[in-house]
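The following note is intended for a colleague who is meeting this structure for the first time. Please read the numbered points with the model in view.

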Amino acid sequence: MIARLDFPTIRVKKKDKKLTMNLYRNAHWGALAKAKKDYAGHISKFVDSLNVYEGKISIHYTLFFSDKRKKDVDNLTYPIHKFMCDEMTSKGKIEDDDVTIVVGFTSFFGGYGDEDYVMVEIVEE
């Protein structure tokens, strides 16, 4: 299953920013809980459309950006992957998000375009 999704965001100093691992690590727990809840709402239709996976899966992310500033793909992928796995687990699409089920993930820079977005592909192994 493939979907085009937005990046998770977090409010920092009255401004929404893409949630990176650095912001995640330093954010207040309340702001993180809101960011996770908001992103769960954003991805819920996609997660609802997924089959229930009985076996192993891998998740592949391709990130696209609207500006040409340098980005750290790892820092941007962490919150997406964390929130995606948590939402899939809470909706019963996977039993757990440990290594016995989510056996891997990849993250790629996809290029530049008119918008910031991430393509997500879930593959049954």
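1. The buried residues of helix H2 are covered by several elements, including strand E1 (2-5), strand E2 (9-12), helix H1 (21-26), helix H3 (73-90) and strand E6 (117-124). Helices (H or I, at least four residues) and strands (E, at least two) are DSSP runs, numbered from the N terminus. The model is predicted: local features need pLDDT of at least 70 and side-chain atom pairs count only at pLDDT 80 or more, while totals for chains, interfaces and linings use all residues. Residues are numbered from 1 along each chain as its sequence is written, and side-chain values use heavy atoms, with hydrogens and water left out.

2. Helix H2 comprises residues 29-49, 21 residues in total, and its first and last C-alpha atoms are 30 Å apart, close to the expected 30 Å. That expected span is 1.5 Å times one less than the number of residues. At Ile43, H2 bends by about 55°, the bend being the angle between axes fitted to the seven residues ending there and the seven starting there.

3. Which residues of H2 are buried? They are Leu32, Ala35, Tyr39, Ala40, Ile43, Ser44, Phe46 and Val47. Buried means under 20% relative accessible area, exposed over 50%, and partly exposed in between (1.4 Å probe, protein chains only).

4. Ser44 counts as buried because its relative accessible area is 17%. A polar atom of its side chain lies 3.2 Å from the backbone oxygen of Gly41. Leaving aside neighbours within four places in sequence, Ser44 is in contact (heavy atoms within 4.5 Å) with Glu87 and Lys91.

5. Tyr24 belongs to helix H1. Not counting residues up to four places away in sequence, Tyr24 touches Leu19, Leu32, Tyr78, Lys82 and Phe83.

6. Strand E1 has a covered face, formed by Ala3 and Leu5, and an uncovered one, formed by Ile2 and Arg4. In a regular strand the side chains alternate between the two faces of the sheet. E1 and E6 run antiparallel and are joined by four bridges; two strands pair if DSSP finds at least two bridges between them. Leu5 stands opposite Val118 in E6.

7. The loop between E2 and strand E3 (15-18) contains Lys13, and Lys14 also lies in the loop between E2 and E3. Most residues other than glycine have a negative phi. Lys13, however, has a positive phi of about 50°, and phi of Lys14 is near 65°. Lys13 is exposed because its relative accessible area is 80%, and Lys14 is exposed at 78%.

Technical notes:
A polar contact is a pair of N or O atoms within 3.5 Å; within protein, one must be able to donate a hydrogen and the other to accept it, and residues adjacent in sequence count only if both atoms are side-chain atoms.
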